[in-house]
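Dear colleague,

Please find the structure below, handed over for your files. My notes on it follow directly after.

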Amino acid sequence: MHVSPLSWIALTCAVVAAVIMIYYLIYRPPLNGRVKLLMMVAVGVLPIMTAMIGNLEGLQATEHQAFCGSCHTMDMHIADANDADSLSLAAIHSRTIKFGDKSCYVCHKDYGMFGYAMTKLGGMGHVYMFLSEFAWYDMEEALPKIHIARPFKNDNCMQCHSTTGRIWNGVADHNGLLEDLRTGTTSCASAGCHGYAHPFSKPDEETPSDAEAHSALSAPSPEGT
Amino acid sequence: MNPRAKIERFLDNASRSRLMVYACVLGLIGLVLMSWSLFDQGWIPVMMAMSVGQGIGTLSFALFLVIVIIDLRKAEFRPSITPMPPKPEDD
């Protein structure tokens, strides 16, 4: 749980507004000019402050693991990403500070649940899927049914791995596929390349062995750097 | 009765203090929903805050505005300068 200073301001506004409203409900003062001004603050100004800060915080909340994890359907992905012994791409990356608590968001920026799309119920395909179907499955049943909706965009990886570094370009497999990789025709996270980001979620025959996953990574020679 | 007349009758007869009570009750519910998401950032509280919570909060404020409109309708607006009586030579 993360409670920012802004949240405390929002909560203070909410509490002050609530106290005034409760005061009105108990004492029912006549609605003269002064009381109206007070009530304008209590049902108008203060709640609007709370709502605006709440929106900011709510949008930010969608970037955090705890948000994704609030559906059990995502549990195994999160458990693996946070497993200190796991060597999956998701786990390796989650251990760096840039990912940390936001690890799902950094790689899945294009997932339809971020930003204002989330408030539009129409855009909430996943909530719909969750309530209509997945809420009733336990994790074992759900896992084989969850698939990435669109091919994963390499752009997401290229935020950090620019594909222009010397070591990166020194890898034969990268070199040969440069165009395909930049346009996303070949996924970085595919079997035979770096392997799936969440290998546990794939049926055995699709999961690359450790050796396979790393064969593409010919260690760069130290002299070259 | 046409809708306009209906609204006017409502505005003439509605009890302001009762409207204010409704506004307060709705406001309290809205605030609870909006504050919940500040501390529990799962999808249910976050979604509730941004849809139901804010909807109810807006309704509460709208009720308050209705009270203001009722008062404005009852208020007498007198022009601060009394118009000059027409002079005979003007026409």
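Is Tyr27(A) buried or exposed? This is a predicted model, and in it Tyr27(A) has a relative accessibility of 58%. That value is over the 50% cut-off, so Tyr27(A) counts as exposed. Tyr23(A), at 43% relative accessibility, counts as partly exposed.

Over all chains, the count of aromatic pairs is 3. In one of them, the ring centres of Tyr23(A) and Tyr27(A) are 5.0 Å apart and the planes stand at 40 degrees, so this pair is classed as tilted.

Phe61(B) and Phe64(B) lie in helix 3 of chain B (residues 43-74), 3 residues apart, which puts about one helical turn between them. Their ring centres are 6.3 Å apart with the planes at 10 degrees; the pair is therefore stacked. The cut-off for that class is under 30 degrees. Phe64(B) is buried, at 2% relative accessibility, whereas Phe61(B) is partly exposed, at 21%.

Chain A as a whole

Chain A holds 12 helices and 0 strands. Of its 225 residues, 36% are buried. Taking the contacts in chain A between residues at least 6 apart in sequence, 53% join residues at least 24 apart.

Two residues of chain A deserve mention for their backbone angles. Arg28(A) is not a glycine, yet has a positive phi of about 45 degrees. Arg28(A) is located in the loop between helix 1 and helix 2 (33-61) of chain A, and is partly exposed, with a relative accessible area of 46%. Thr163(A), also a residue other than glycine, has a positive phi near 70 degrees. Its loop runs between helix 9 (154-158) and helix 10 (166-170) of chain A. Thr163(A) has a relative accessible area of 3% and is buried.

The interface of chain B and chain A

How many residues does the contact take from chain B and from chain A? Chain B contributes 26 residues and chain A contributes 42 residues. The area buried between the two chains is about 3100 Å², with carbon and sulfur atoms giving 79% of that area. On the side of chain B, the residues that lose the most area to chain A are Phe39(B), Gln41(B) and Trp43(B), which together make up 25% of what that side buries.

Which residues form a salt bridge? Lys36(A) pairs with Asp71(B), and their closest N and O atoms are 2.4 Å apart. Across the interface of chain B and chain A, the count is 1 salt bridge. Between the two chains there are also 5 residue pairs in polar contact.

On the side of chain B that touches chain A, the elements giving two or more residues are helix 2 (16-39) and helix 3 of chain B. Helix 2 of chain B provides the largest share, 14 residues. By class, that side of chain B has 17 nonpolar, 7 polar and 2 charged residues.

With kind regards

Note on methods
Residues numbered from 1 in each chain as written. Chains lettered and ligands numbered in written order. Predicted model: local features only at pLDDT ≥ 70, side-chain atom pairs only at ≥ 80, totals over all residues. Heavy atoms only, no water. Phe/Tyr/Trp six-rings, centres within 6.5 Å; stacked < 30°, edge-to-face > 60°. Buried < 20%, exposed > 50% of the residue type's maximum accessible area, 1.4 Å probe, protein only. Helix = DSSP H or I, 4+ residues; strand = E, 2+ residues; numbered from the N terminus. Contact = heavy atoms within 4.5 Å. Buried area = accessible area lost by both parts, 1.4 Å probe. Salt bridge = Lys/Arg side-chain N within 4 Å of Asp/Glu carboxyl O. Polar contact = N/O pair within 3.5 Å; in protein donor to acceptor, adjacent residues only side chain to side chain. Nonpolar A, V, L, I, M, F, W, Y, C, P; charged D, E, K, R; others polar.
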